[in-house]
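User: I would like to learn how to read some features of a protein model, one at a time. Please give the general idea first and then the case at hand.

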Amino acid sequence: MPPTLASLVQHSALHLRVRAGEDRLRTPVRWAHASELADPVPYMEGGELLLVTATTLDAEDPEAMTAYVRRLVGAGVAGLGFAVGVNYDSVPEALVAAARAEGLPLLEVPRRTPFLAISKAVSAAIAADQYRAVTAGFEAQRELTRAALADGPAALLARLAAHVDGWAALYDATGAVVAAAPEWAARRAARLTADVERLRERPAPASVVVGHTGHGDGAEDRVELQSLGTGRRAGGALAVGTGAALGTAERYAVHSAVALLTLTTERSRALQEAEQRLGAAVLRMLLSGQPDHARSVAGELYGGLLDAPFRLLIAEPESDTTEPGALEALSDALEAAGARAGEAVLAVPDGERLAVLAVDGGAVVASLGDPATPAVGGVVIGLSAPTGPIAVGGAYKQAEAALTVARRRGRVLVEHEELAAGSILPLLADDAVRAFADGLLRALYEHDAKGRGDLVASLRAWLSRHGQWDAAAADLGVHRHTLRYRMRRVEEILGRSLDDPDVRMELWLSLKTSER
């Protein structure tokens, strides 16, 4: 610990005597400084032991001493050392009274003790404290390194929590708590997810200190959050909770932990990139109808995924204004969900898309529909039906179709099952199809608008009755000969034959699409 006024008083070579402020001798001393200025405050930083001989002070004037002491207390001076036997044979009572009134420690310095001796004692104590801190920091670094190499991040957190006499927690790339020490700290760490997310939005490395109320005891932790990684978006975060500000040795330990966890994160990122390249090769083989080759390349990394029914999803940015990194954030979220559930996930960046294979009915697929999954925001997702290695090509087309419908409907996620169970008409509800329908039927609508007949309604009734004249005429309330005349006019105006089944299909879909 740094030197204190008490340690200086107990120093056998200094012979200092306490005249005031006996209850504040544990105050740390940052430096010892001699000054004879009547107002040395502009040259003080706080925490100093000020040494004076009162050459320019009227130390026997109570009013002057009260003002002088108050200035020192306001500047955060740790204590005042007054040399006797130079200008005053003893410490003036006016100064003693002012120091007692303001609670400023006042030390009497005998003539035989030079100020230089006090400065050397303070400097030596500070140097010794710094050496102890550095030594403790290096020892902490060795312990943390051994723990990380032997047992992983969880063991590192346990050693770190012991070093700082507090708790520590590790967050993954999605901001979820993946490890904490002691175990009860996981609940405290989970309450900081919003702070972690804000930290992760800043370029790494970054840090922030937040206050956090403990569980039920009303006490407030001092929590320091440190980002992990070196990229544009942090690969994780470390939280360290303590009851007070970190000392030098504790800070060495925290910095060592950050370095080790960042190294682990960057190593994981490199492995992830290698896995993505391997996953891309596996996906290409599956799409080209080579499931056996895909299995052999995947090996144990994705082999379990290919042994069970899985889903294929395709995700794209919602729009051109979507925040960069949305697909990367989604990939991180899905892989984190898979890691927590022990499920294999194959996530492959595919140009402006993300293709993912995930276990059918597993936690990864379930997380897509969870509103608590923030990474789903800003993207559009199409999800295939359950499939296997031999049918990945078809599953990819299903996911693309579902993705297209999701865009048309303004939805975040559409599953292929919704398309198979519903009508084909909503799939045609885009601008291009509407334009075709309007162009095909425009002449009929213009004809009816001039009061020359009701060709559109007649065509709709005739098509809905599959060309049955009597039934369609009855629906319209006209004679069947009138209906036959109207259908001939439709053929003349459109230049198409109603005997052609393709024409009838196009007209029917156009009528359903136009909804006029």
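User: How many aromatic pairs does the structure hold?

Analyst: A pair of aromatic rings is described by the distance of the centres and the angle of the planes. Rings of Phe, Tyr and Trp (its six-membered ring) pair if their centres lie within 6.5 Å; planes under 30 degrees apart count as stacked, over 60 as edge-to-face and the rest as tilted. The structure holds two such pairs. In one, the centres of the Phe 82 and Tyr 88 rings are 5.9 Å apart with planes at 50°, so the pair is tilted. In the other, Trp 462 and Trp 469 have ring centres 5.5 Å apart and planes at 40°, so this pair is tilted.

The model is predicted: local features need pLDDT of at least 70 and side-chain atom pairs count only at pLDDT 80 or more, while totals for chains, interfaces and linings use all residues. Residues are numbered from 1 along each chain as its sequence is written, and side-chain values use heavy atoms, with hydrogens and water left out.

User: Is Trp 469 buried or partly exposed?

Analyst: Buried means under 20% relative accessible area, exposed over 50%, and partly exposed in between (1.4 Å probe, protein chains only). Trp 469 has a relative accessible area of 22% and is therefore partly exposed. Of the 516 residues of the protein, 44% count as buried.

User: In what order do the five strands of the open sheet lie?

Analyst: Strands of a sheet pair through backbone hydrogen bonds, either parallel or antiparallel. Helices (H or I, at least four residues) and strands (E, at least two) are DSSP runs, numbered from the N terminus, and two strands pair if DSSP finds at least two bridges between them. The protein has 18 helices and 15 strands. The open sheet has the order 1-5-4-3-2, with mixed pairing. Strand 1 (17–20) and strand 2 (31–34) are its edges, each pairing on one side only. From one strand to the next the twist averages 30°; axes are lines fitted to C-alpha atoms, for helices over the stretch in contact, and angles run from 0 to 180 degrees between N-to-C directions.

Inside the sheet, strand 3 (residues 48–52) and strand 4 (residues 79–83) run parallel and are joined by four bridges. Leu 51 stands opposite Gly 81 of strand 4. Helix 3 (residues 93–102) lies across strand 1, strand 4 and strand 5 (106–109), at about 70° to strand 1.

User: Which strands pair with strand 14?

Analyst: Strand 11 pairs with strand 14 in the antiparallel sense over five bridges, and Leu 313 stands opposite Leu 383 there. Strand 15 (residues 413–415) pairs with strand 14 in the parallel sense over three bridges, with Ile 381 opposite Leu 413. Both faces of strand 14 are covered: Val 379, Ile 381 and Leu 383 are buried on one side, Val 380 and Gly 382 on the other.

User: What does Ser 384 touch?

Analyst: Contact means heavy atoms within 4.5 Å. Ser 384 lies in the loop between strand 14 (379–383) and helix 12 (392–409). Not counting residues up to four places away in sequence, Ser 384 touches Arg 311, Leu 312, Ala 395, Gln 398, Ala 399, His 416 and Glu 417. Its relative accessibility is 0%, so Ser 384 counts as buried.

User: Which residues of the largest nonpolar core touch the most other members?

Analyst: A nonpolar core is a set of buried Ala, Val, Leu, Ile, Met, Phe, Trp, Tyr and Cys residues joined through side-chain atoms within 4.5 Å. In the largest, of 27 residues, they are Val 282, Leu 286, Leu 306, Leu 312, Leu 346 and Leu 357. Helix 12 gives the most to this core, with eight residues. A second, separate core has 24 residues, among them Val 52, Leu 80, Leu 95 and Leu 106.
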